[in-house]
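Open the model in your viewer and keep the selection panel at hand. The stops below tell you what to pick and what is there.

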Amino acid sequence: MSYNQSSEDYLECILLLSRENKFVHRVDVARRIGVSQPAVQKAIKLLQSGGYVETNGMHIYLTANGEKYANEIFDRHCTITRFLSSLGVNAKDAEEDACKMEHVISDASFEAIKKFLKG
């Protein structure tokens, strides 16, 4: 999937909801992201066409590729949040900024942040 912040946000949301509940429903995704159910339906169709999710009518499931990609996005989010917090950014701002940065940061910059946090 090429860079698409919206798609990545949906994948990350589905991943987190699947960790909290046995089943993920469109209404849960809509509530979590703050969008309408028709918007979720449109996004799910795009994610299905990309091979990232499957549905059985009511439930949404990440495919193996979808889970891998969602975990990568979530790792970026957590790592960037930790990095910003380590610099003294308050938790709320670090979380909000990480949500934006996780989609645009280069692989090289992200790897440098991970290295910095390990050192």
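**Whole chain**

Keep in mind that this is a predicted model. Show the protein chain as a cartoon: six helices and three strands make up its secondary structure. Read from the N terminus, the order is α-β-α-α-β-β-α-α-α. The radius of gyration is 15 Å, close to the 14 Å of the globule rule for 119 residues, so the chain is as compact as a globular protein of that length. Along its principal axes, the C-alpha trace spans about 45 × 25 × 25 Å.

The accessible surface comes to about 7,000 Å², and 54% of it belongs to carbon and sulfur atoms. Buried residues account for 35% of the 119 residues. Take the contacts between residues at least 6 apart in sequence: 56% of them join residues at least 24 apart.

**Helix α1**

Select residues 5-20, which form helix α1. Go to the start of the helix. There, a side-chain oxygen of N4 comes to within 3.1 Å of the backbone nitrogen of S6.

Which residues of α1 are buried? Color S7, E8, Y10, L11, E12, C13, I14, L15 and L17. Then show what covers them: the cover includes β1 (24-25), α2 (26-33), α3 (37-49), β2 (53-55), β3 (59-62) and α4 (64-86).

**H103 and E8**

H103 sits in the loop between α5 (91-101) and α6 (107-118). Its relative accessibility is 6%, under the 20% cut-off, so H103 counts as buried. The side chains of H103 and E8 are joined by a polar contact of 2.5 Å.

**The cores**

Next, show the nonpolar side chains. In soluble globular proteins, such side chains tend to be buried together. The largest nonpolar core here has 21 residues. Pick L11, I14, V29, L47 and V53, which have the most contacts inside it. The elements giving two or more residues to this core are α1, α2, α3, β3 and α4. The largest share, six residues, comes from α1.

**E67 on α4**

Move to E67, in helix α4. Beyond its neighbours within four places in sequence, E67 is in contact with L15 and L62.

**S86 on α4**

Last stop: S86, also found in helix α4. S86 has a relative accessible area of 48%, so S86 is partly exposed. Show the backbone of F83: its oxygen lies 2.6 Å from a polar atom of the S86 side chain. Setting aside neighbours within four places in sequence, S86 is in contact with F116 and L117. Finally, draw a line to V53. S86 and V53 are 33 residues apart in sequence, and their C-alpha atoms are 34 Å apart in space.

Key
Residues are numbered from 1 along each chain as its sequence is written. This is a predicted model: local features need pLDDT of at least 70, side-chain atom pairs count only at pLDDT 80 or more; totals for chains, interfaces and linings use all residues. Side-chain values use heavy atoms; hydrogens and water are left out. Helices (H or I, at least four residues) and strands (E, at least two) are DSSP runs, numbered from the N terminus. The expected span of a helix is 1.5 Å times one less than its number of residues. Buried means under 20% relative accessible area, exposed over 50%, partly exposed in between (1.4 Å probe, protein chains only). Contact means heavy atoms within 4.5 Å. A polar contact is a pair of N or O atoms within 3.5 Å; within protein, one must be able to donate a hydrogen and the other to accept it, and residues adjacent in sequence count only if both atoms are side-chain atoms. The radius of gyration is taken over C-alpha atoms; the globule rule is 2.2 Å times the number of residues to the power 0.38. Accessible areas come from the Shrake-Rupley method with a 1.4 Å probe; for residues, only the protein chains shown count as cover. A nonpolar core is a set of buried Ala, Val, Leu, Ile, Met, Phe, Trp, Tyr and Cys residues joined through side-chain atoms within 4.5 Å.
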